[in-house]
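Here is a quick tour of a protein model with its ligand. Have the sequence and the 3D view open as you read.

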Amino acid sequence: MVERPWAFPELTGTGRLRMHALRPAAALPLDGRWRFQLLPSPEAAVTADWEEADVPGCWTMGGTDDLPQYTNFQMPWPGLPPNPPAANPTGVYEREVAVPADWAGRRIILHVGAAESVLIAQVGGVTAGIGKDSHLASEFDVTELVRPGETTTVRLTVVKWSDATFIEDQDQWWHGGITRSVLLYSTDPLHLADVRVRARRSGDLRVDVDVRSGHGPLPGGWRVSATLGGLELGLDTAYGAMLAERDQISTWQGRVRLRGTVPGVRPWSAELPTLYDLVVRLHDAEGTVTDETTLRVGFRDVEVVGRDLLVNGERVYIRGVNRHDFHPRTGRVVSEADMRADLVTMKRFGFNAIRTSHYPNDPVLLDLADELGLYVVDEANIESHAYAREICDDPAYLPAFVDRVSRMARRDVNHPCVIIWSLGNESDYGANHDAAAGWLRAFDPTRPVQYEGAIKYDFGSGPVSDIICPMYASIEEITAHARSGRQDRPLILCEYSHAMGNSNGTLADYWAAIESTPGLQGGFIWEFWDHGLLQRLDDGRPAQCQSQPTDPDRPPGGPYADGVAGPGYRWAYGGDFGDEPNDGNFCADGVVFPDRTPKPAMYEHRELAAPLRLTADAGVIRVHNRQHFRDLSWLAAEWRLDADGAAVRTLPAELPDVPPGGSALLTPPAALIGHLPGDGEVWLTLRVTVRDDQPWAAAGTTMCLPQVHLRAERRALPLRTSGTVGGPPIEVDHDGLLVHPLLAAPPTLSLWRAPTDNDRLAGLGARWADQGLPEPARDPVDVVRDGDRVTVHARYLGGLVVHEQSFTPVTDGILVEETVVLGDALTDVARVGTVFETIGGFDRVSWYGQGPWETYPDRCAGGPVGSHEAAIDELFTPYLRPQESGGRHGVRRFTLTGPAHTLRVRLDRPRQVSFTRYRATDLAAASHHDELVPRPECVVHIDAAHRGLGTASCGPDTLPAFLVGAGTHRWSWTLETT
Ligand code: GAL
């Protein structure tokens, strides 16, 4: 016995069963309340002081003083591998279990779904075994330790920090606990030990069955059968010649290979995830079935051919997202309903692939991906980030690398959804990877292997990764590689488009590059979740309760829209639990909020991933089926014509029969486009919905909103109708600021936004502050009156910025014409525009422009142009750390209304605008959403130019075209009141 197994990397487990792909048919669930105590270290003695805890459950999420801690790659404590710290929280879980009497004579297995990070299992006071790997199950044969018909005590000791922690250094919260279900099950001593299926799209089916006896050699005459539908598979005599000649199974570990061809098979793909039931039976010498298991089988091929990854012979785009096991109230315990809700949300927003960053997920997630249709990169639980170089070549960790990779593969090998194995994440590249990859290729030659660490220095080289899977490579880098002539395998980014805060700028540009460059095949957005933990503000502890899926269809709304959190709660990030060291809000970088509400970026993705697209060429509209395997018959559609900013008509659309990858003419009905009203711009939007219920979306669910710009604006916008028309004279105060009864703050120059996470982490926030942009000093002004027209000249920042603003009375209002000259020192500002504040009382806004959700210059492919309306309070997006938020792109005009007043603004051309209850300085001063106090006024920004969002919190910044810099900026608008 190793004395301190938690500080001994060579030991990956003792007494564990070999990992297999089967699920117990009937089991005794042991989930629920267990006796529990938290010891200060694994060496400490267990006391008589028992409390209770949930299994599964993270003790860090409630009931103990050991709270969650968030670090990215720095270790949570000092010290070198493989030694854990002396202070090492250790949870002892204990309960009685009544072992069913009718299990007498059977083999009895204790299954612990996952425990972090070292599990020591004891039954009846005797150690059954030890397990490591926080994200895979450990199973122990406890037959000799229990007596059927009697009650025994099961004790599970979970040591939080260990040698294994150094290879589980993923960017996420640290927790302690048992995070997946615990159960006891029994089998016959002579049982089906494992089944491995290989099912090809041709219908070829190969089934390898391991039969094991608990006690010595197998008796003669036993056999295995496998049936799928009406098909009975035959014995593969070539494989098991010796066995076939004699009895089918004849050694202490019998392995049988069965084969068959399923006629007319319907292949499995993410688009059409057809599954078949395969029943495998073990028969005794008399033919009686003594064991049976059912597997869901999907027939599909995956292969790398040259620079293409092919699924069923098709070069499918990988529209992926990285997913962690996460729940805001349970930490890392996720129910089947949670997992289903995650996957349903992904499907509805166009994702077709998941990378299980950075460890194997619950096998139920793979069942769901098989069922709902999502490709999976199944990743082993290896991230040695802080000591990557040392560990990847350290022989002490060699067993752990091979163990983790091989156990994952043995467990998941039958899932059609798994199309790629991943050796882990951010662990440099060394001999231990080669060993693991070697094992994997021999075990499963049917799937490509990827590992980012093996390719990062040279996109093209190295035998280990079959995929070039860089993280955060720029568009320029990936296209340059694809065009270099050196690319010899598919390029699929394992992480890109870092979704921290208000982000995912240039996603459309990535996809334009991917779709137009052979060799580029997609990627996985980082990441799905914002890992904000629900925290009670009164005592600063996590608000623990059962997990509860939320509705993935809910539109992005105000803060805490689903009631998960509300007053008195907040979404906590690193540091909020007093955790030191921590990496702040870097864990809040997902495309959904912690309650699974989609962020606006999800709508961008949905449109880019749409199953169909429209193009218009000289008035001829074509529909393109962007799917690889499916026709359009599962979709319904409706036309909407927006002429001159008003929704004029909607009419049902008939989608033609278009094969995957094909296109066809789509002619809108004459009744819709025959007589276009007015001479303003005309947009035709196709609202594409699900026609028949899908397992992941009810009929009527919107899939995409493609648009055709049928007629451009032909008029010059008549801002200056017919010169001046009298009206109340323009009034400006002694500082040259407009005085207006409906404005609490006059229109002034704005050059700054509350830094987004991208701005802040790229250093822009600090630079803007240094440049004085947040509240730029305004020098004395010069006011010139010319008839009714008042022109105000102002200098900012000692003359670095010159602003000319002129006010002219026009029908019902004021025309504002502005010119700004930014000095050469200002190469990269957040915005150039106007900001003003209304008086209180305005509560709704309608606008004509992009929407309805938040859009920015480099993230606006998913916001159709049209007339939109919303409550002002709903426009703000509650990013966890307050920042620039709620913008709407391409706005031509808007109307703010309240019970007493209406305020209308027309813009000279489509502009970026926002309407919020917060000043940019309010947002920048807060660290959490709950600190914000909404103002009664509405803060309105009209931007002549607004900087793109980019993804620079981890990855490339926006493209040069979306930067705002030195030079002259001009814009004009009218302010009208009725
Ligand atoms: C990657 C890493 C992820 C995450 C991300 C930044 O380097 O693989 O786990 O840390 O960066 O959010």
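What covers the buried residues of α9?

## Helix α9 and its cover

The cover includes β26 (318-322), α2 (336-348), α8 (507-516), β32 (520-525), β35 (612-617) and β41 (702-704). Nine of the nine residues of helix α9 (residues 600-608) are buried, so the helix is largely enclosed by the rest of the structure. Among these buried residues are Y603, E604, H605, R606 and E607. Buried means under 20% relative accessible area, exposed over 50%, and partly exposed in between (1.4 Å probe, protein chains only). Helices (H or I, at least four residues) and strands (E, at least two) are DSSP runs, numbered from the N terminus.

A word on the model itself: it is predicted, so local features need pLDDT of at least 70 and side-chain atom pairs count only at pLDDT 80 or more, while totals for chains, interfaces and linings use all residues. Residues are numbered from 1 along each chain as its sequence is written, and side-chain values use heavy atoms, with hydrogens and water left out.

## Around the ligand

The ligand is surrounded by 13 residues, the closest being D171, H358, E426, E495 and H498 (a heavy atom within 4 Å puts a residue in this group). By class, that shell has five nonpolar, four polar and four charged residues. Here Ala, Val, Leu, Ile, Met, Phe, Trp, Tyr, Cys and Pro count as nonpolar, Asp, Glu, Lys and Arg as charged, and the others, Gly among them, as polar.

Now for some distances. An N or O atom in the D171 side chain sits 2.5 Å from a ligand oxygen. For H498, a polar side-chain atom is 2.7 Å from an oxygen of the ligand, and for D589 the figure is 2.9 Å. Taken alone the ligand exposes 310 Å², and the protein buries 96% of that (Shrake-Rupley areas, 1.4 Å probe).

## A buried glutamate

E94 belongs to strand β7 (residues 90-98) and is buried, at 9% relative accessible area. Its side chain makes a polar contact of 2.8 Å with that of R35 and one of 2.7 Å with that of R155. A polar contact is a pair of N or O atoms within 3.5 Å; within protein, one must be able to donate a hydrogen and the other to accept it, and residues adjacent in sequence count only if both atoms are side-chain atoms. Leaving aside neighbours within four places in sequence, E94 also has W34, W50, T153 and V154 among its contacts (heavy atoms within 4.5 Å).
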